[in-house]
Amino acid sequence: KKQDALARVAVLARAFPADNDVRGVWATLLLDSAQAPERQFALRELQTLAQKAPGNVAFQYQLARAYVMDGQYAQARQQFERVANQHPSYSPAWLALAELASKSLDFTACQRYADRALSLDPSLRSAHLLKASALVGLQRFEEARTAYDQLIRRYPDYREAQLQRGLLEVV
């Protein structure tokens, strides 16, 4: 199905090359491609679109994702920060910053960004998980246990939270 959608959007993008929205959708779909040249094309396309439309949160956010997919984590962080600062109520940017901070073992920043995402959307279970994981990284184990327990009560089938909670008992 995704390949069908990609093929249809590619036809539209070629038929309407001046339609930035279609080009943005095409580039966004290509980000998840297994083919490196397609991901590189998506990155270049999103760079162009983001430059043309600096106020378009979708282009700006997808450009940051493209940097992540390309392994350019410093650029991704800067781009996500730009999106978060320009659109402070856009929770996906704060969540992405929390994920990047977690991956770089900056647990203080991870907790801060996860808290910001949760202040905007308390139902983001991945933000709850990132916050609990950050608390473990900060060696605040009791707070982490409480955070995992609350997350598991709220989402009883959340396997990742159950696994992380179990691993915390080993620590």
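Q: Are Tyr 61 and Phe 80 buried or exposed?
A: This model is predicted: local features need pLDDT of at least 70, side-chain atom pairs count only at pLDDT 80 or more, and totals for chains, interfaces and linings use all residues. Numbering starts from 1 along each chain as its sequence is written, and side-chain values use heavy atoms, leaving out hydrogens and water. Buried means under 20% relative accessible area, exposed over 50%, partly exposed in between (1.4 Å probe, protein chains only). Tyr 61 and Phe 80 are both buried.

Q: How many aromatic pairs does the structure hold?
A: Rings of Phe, Tyr and Trp (its six-membered ring) pair if their centres lie within 6.5 Å; planes under 30 degrees apart are stacked, over 60 edge-to-face, the rest tilted. The structure's count of aromatic pairs is 4.

Q: Which helix holds Tyr 113?
A: Trp 94 and Tyr 113 form a tilted pair at 6.1 Å, with 35° between the planes. The pair ties together parts 19 residues apart, because Trp 94 is in helix H6 (residues 91–103) and Tyr 113 in helix H7 (residues 107–120).

Q: What is the relative accessible area of Tyr 113?
A: Trp 94 counts as buried, at 9% relative accessibility. Tyr 113 is buried too, and its relative accessible area is 11%.

Technical notes: Helix = DSSP H or I, 4+ residues; strand = E, 2+ residues; numbered from the N terminus.
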